[in-house]
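Please find below a colleague's note on the model under review. The sequence and structure come first.

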Amino acid sequence: MRGMRKLFLVCMLAALSGAAVGQGVGTARESRALVPAAPPSRVLDHAGLFKKHPERLEKISERLMAFEKKYELPVYVAVYSGLMRGNVTERAGELYDAWIG
């Protein structure tokens with residue numbers, strides 16, 4: 001669990017700073033075409049972080065859905081090991097636009 005906290009912190013810091021983790025190639029249209037559908041579980045685990053611990057994924061998913069039900073505010077978690085284009089801030093914006101609008 002300690003490692004996951006560090007990963008989350010690193011992802012949040014990268015998102016807040018706008019640090020580039022990709023090469024920034026391609027157009028906005030290409031990026032939008034690559035956005036996956038909103039996951040019903042509220043967690044997109046592109047990096048496979050939860051493959052070894054699906055029970056943790058399930059617990060996070062349950063909490064996110066309960067939060068949405070209580071506050072009528074959808075919250076999603078997207079886990080990437082890296083991005084091929086753009087940066088964390090751009091990807092977050094693309095996911096927000098596609099999933100929440």
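1. Basis of the note. The model is predicted: local features need pLDDT of at least 70 and side-chain atom pairs count only at pLDDT 80 or more, while totals for chains, interfaces and linings use all residues. Residues are numbered from 1 along each chain as its sequence is written, and side-chain values use heavy atoms, with hydrogens and water left out.

2. The protein has four helices and two strands, arranged along the sequence as α-α-β-α-β-α. Helices (H or I, at least four residues) and strands (E, at least two) are DSSP runs, numbered from the N terminus. Of the 101 residues in the protein, 20% are buried. The classes are buried (under 20% relative accessible area), exposed (over 50%) and partly exposed (in between), with a 1.4 Å probe and protein chains only.

3. Salt bridge between Glu68 and Arg42. The count of salt bridges is two, a salt bridge being a side-chain nitrogen of Lys or Arg within 4 Å of a carboxyl oxygen of Asp or Glu. One of them joins Glu68 to Arg42, with 2.8 Å between the closest N and O atoms. This pair links distant parts of the chain, 26 residues apart: Glu68 belongs to helix α3, and Arg42 to the loop between α2 (28-33) and β1 (43-45). Arg42 counts as buried because its relative accessible area is 17%.

4. Salt bridge between Glu94 and Arg91. These side chains meet at 3.1 Å, N to O. Glu94 and Arg91 are three residues apart in helix α4 (residues 88-99), so about one helical turn separates them. Glu94 is buried at 19% relative accessibility, and Arg91 is buried at 13%.

5. Positive phi values. Most residues other than glycine have a negative phi. Glu72 is not a glycine either, and its phi is positive at about 55 degrees. Glu72 sits in the loop between α3 and β2 and is exposed, with a relative accessible area of 73%.

6. Nonpolar surface patch. Which residues make the nonpolar surface patch of about 300 Å²? They are Phe67, Tyr71 and Leu73. Patches consist of residues with over 30% relative accessible area and no salt bridge; like charges are joined within 9 Å, and nonpolar side chains (Val, Leu, Ile, Met, Phe, Trp, Tyr) within 5 Å. Accessible areas come from the Shrake-Rupley method with a 1.4 Å probe, and for residues only the protein chains shown count as cover. Tyr71 lies in helix α3 (residues 54-71) and is partly exposed at 48%. Leu73 is in the loop between α3 and β2 (77-79) and is partly exposed at 45%. The C-alpha atoms of Leu73 and Ile100 are 9.4 Å apart in space, although these residues are 27 apart in sequence.

7. Second largest pocket. This pocket holds about 220 Å³ of space. Among its 11 lining residues, Leu34, Tyr80, Leu83, Met84 and Arg91 are the closest to its centre. On a 1 Å grid over the protein atoms alone, a pocket is an open set of points where a 1.4 Å probe fits, with protein on both sides within 12 Å along at least five of seven lines; lining residues have an atom within 4 Å of a point. Grid points are joined across faces, edges and corners, and the volume is the space filled by probe spheres set on the points. The lining has five nonpolar, three polar and three charged residues. Here Ala, Val, Leu, Ile, Met, Phe, Trp, Tyr, Cys and Pro count as nonpolar, Asp, Glu, Lys and Arg as charged, and the others, Gly among them, as polar.
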